[in-house]
Amino acid sequence: MFRLTRPVLRQVVKKTTGITGLAVHPNPLPELAETYQTTLSALSTIPPTSVYRQGVEALTKHKLNIVQGANGDIVAVEKQLDEGQIEESLDIAKDELKLVQNVLEWKVWEPLEQKPPTGQWEYFGNESRPMS
């Protein structure tokens, strides 16, 4: 008699994500780990003092540890990442990688070319006050 194991059964059962335009990925965990590693590699070229780099690097390392520690269990990864289905997590990771590439192009860590106009950082009637 033919007996299905859990990973095989999961592949057989999931035919659609139920999200228009988002196909089921045949093997998402290796691609997700590779995307996180590529993101970390790209982040290493941003100065370490950049707040953007520090935040994204910490979050990406945390997510990569979840994927690597799951031993191929997609359901566990989905639950721990809490980003929806694994395909959605892969989309989010690819979007973050694109943003890192844009940040590298824009060089957001460099000083502004022009001094911002007075009041630019004021909102809802709150005035900028020097920190004491």
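# Notebook: a chain of helices

I started at the N terminus and read off the elements of the protein chain, which run α-α-α-α-α. I counted five helices and zero strands; helices (H or I, at least four residues) and strands (E, at least two) are DSSP runs, numbered from the N terminus.

I noted that this is a predicted model, where local features need pLDDT of at least 70, side-chain atom pairs count only at pLDDT 80 or more, and totals for chains, interfaces and linings use all residues. Residues are numbered from 1 along each chain as its sequence is written, and side-chain values use heavy atoms, with hydrogens and water left out.

**Entry: the whole chain.** I found that buried residues make up 27% of the 132 residues. Buried means under 20% relative accessible area, exposed over 50%, and partly exposed in between (1.4 Å probe, protein chains only).

**Entry: the core.** Which residues have the most contacts inside the largest nonpolar core? I found Leu 32, Tyr 36, Val 67 and Val 77, in a core of 22 residues. A nonpolar core is a set of buried Ala, Val, Leu, Ile, Met, Phe, Trp, Tyr and Cys residues joined through side-chain atoms within 4.5 Å. Helix H2 (28-43), H3, H4 and H5 each give two or more residues to this core, and H2 gives the most, with seven.

I then followed Tyr 36. Leaving aside its neighbours within four places in sequence, Tyr 36 is in contact (heavy atoms within 4.5 Å) with residues including Thr 60, Leu 64, Val 67 and Ala 93.

**Entry: H3 against H5.** I looked up this pair next. Their axes come within 12 Å and cross at roughly 155 degrees. Axes are lines fitted to C-alpha atoms, for helices over the stretch in contact, and angles run from 0 to 180 degrees between N-to-C directions. H3 and H5 are therefore roughly antiparallel to each other, a label for angles over 145 degrees. Tyr 52, Val 56 and Lys 63 of H3 make the contact with Ile 92, Glu 96, Leu 99, Val 100 and Val 103 of H5.

Entry: Most residues other than glycine have a negative phi. I located Lys 107 in the segment after helix H5 (86-106), and Lys 107 is partly exposed, with a relative accessible area of 40%.

Technical notes
Angles under 35 degrees count as roughly parallel, over 145 as roughly antiparallel, 65 to 115 as roughly perpendicular and the rest as oblique.
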